[in-house]
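Okay everyone, thanks for coming.

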Amino acid sequence: MSNVCEILTLADLCAFLKENNNYVILTHVAPDGDTLGSAYALKYGLETLNKRAQVVCCDKIPHKYNYFIEDSNVDFAPECVIAVDVADIKLLGDLHSQFEGKIDLCIDHHISNTKYAKRLYLDADASAAAECVFEILDELGATFDRKTANALYTGLSTDTGCFKYASVTEKTHKIAAKLYTIGVDAAEINRIMFDTKSKNRLELEKLVLEKAEYHFGDKCMVLSVTSKMQKKTGCDLTELEGVASMSRSVEGVIAGVSIKQVAKDKFKISMRTYDPLDASAICKELGGGGHKAAAGCALTGRLSTVKAQILAAVKNEMERKNAGLTTN
Ligand SMILES: [Mn+2]
């Protein structure tokens, strides 16, 4: 695509949002708390400014997010298309071809954003797209109700592992603090997002850990989720979020990889890294992208081939960063 992407300041963006009226807001494929929380908060906020907006996602929204989802007033013809937390147009999944070249605005926090939209508001220092959406709505003078606060808190907390990751800043906490003044149900959201898992998911984790592999002097952990494991435990793709993060709790691991089988010979890879490694550099080598500590990509082929490709990319990054690579 050779269309030019205009980079917007917060003021430009707010002027644009004031000018237009009927919005369709797109989330990424396999929607997570940030893309959904940001999209719905933006919808609710714009509605308080007498705009109309509807959220569209190519995948089924996991029911655990129901507490902030309300799809009322969606019966209108959209004029303006916004993508939130979508770093690459390919991440629109089945909506990709329908919206190719038609995204009027992208609001994002991924440094790897491919500038596919006509306009881009990018804050790569934001820990979550929800941080950007809060600032935008605040600047626009939108009214925040409890539902909006819950949506934004979900985005902030899920993209930061409940405010634990290196991406969290003073600003992240200040925004969270403002959400408390609006009456956010933080404790309940934390329980749903971080302390609750289905029995199926627990069974799946057991199978995944049994097959865990360690490489490069135990600095790299690989967790594979095969279709067989998904079938055996009854876990569908929406229940596989956060498998890569399981590696974070293992002492000495600086590269955690999850390989999820999505179809025969089709895999979705999530990468979590600690200093000095850069997950986005590893995934870029494999055709994907993301952040320094968390990134992803999609690969095709047999599981063993895919795994070998990933390990080669991890090895390259370890060598680049001189991360004490030992042969294993
Ligand atoms: Mn995000």
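So, let's start with the manganese ion: along the chain, its donors follow the spacing D-x50-D-x23-H-x49-D. Bear in mind that this is a predicted model. D34 sits in helix 2, residues 33–47, and D159 sits in helix 5, residues 146–159, so this pair ties together parts that are 125 residues apart in sequence. Which atoms do the work? On the protein side, the donors are OD of D34, OD of D85, NE2 of H109 and OD of D159, at 2.1 to 2.3 Å from the manganese ion. And are D34 and D159 buried or exposed? Both are buried.

Okay, on to the second largest pocket, which has about 150 Å³ of space. Helix 8 (199–210) and helix 9 (227–233) are the elements that each give two or more residues to its lining. Helix 9 gives the most, with 4 residues. If you want names to look for, the lining includes L207, E210, K228, M229 and K232. By class, you get 4 charged, 3 polar and 2 nonpolar residues around that pocket.

Last stop: how many cavities of 30 Å³ or more does the structure hold? The count is 1, and the largest cavity has about 40 Å³ of space. Strand 9 (255–263) and strand 10 (266–273) each give two or more residues to its lining. Among the lining residues are R248, I254, A255, R272 and Y274.

Methods. Residues are numbered from 1 along each chain as its sequence is written. This is a predicted model: local features need pLDDT of at least 70, side-chain atom pairs count only at pLDDT 80 or more; totals for chains, interfaces and linings use all residues. Side-chain values use heavy atoms; hydrogens and water are left out. Donors are N, O and S atoms within 2.8 Å of the metal (3.2 Å for Na, K and Ca); water is not among the atoms, so sites may look incomplete. Buried means under 20% relative accessible area, exposed over 50%, partly exposed in between (1.4 Å probe, protein chains only). On a 1 Å grid over the protein atoms alone, a cavity is a set of points where a 1.4 Å probe fits but cannot get out, and a pocket is an open set with protein on both sides within 12 Å along at least five of seven lines; lining residues have an atom within 4 Å of a point. Grid points are joined across faces, edges and corners, and a volume is the space filled by probe spheres set on the points. Ala, Val, Leu, Ile, Met, Phe, Trp, Tyr, Cys and Pro count as nonpolar, Asp, Glu, Lys and Arg as charged, and the others, Gly among them, as polar.
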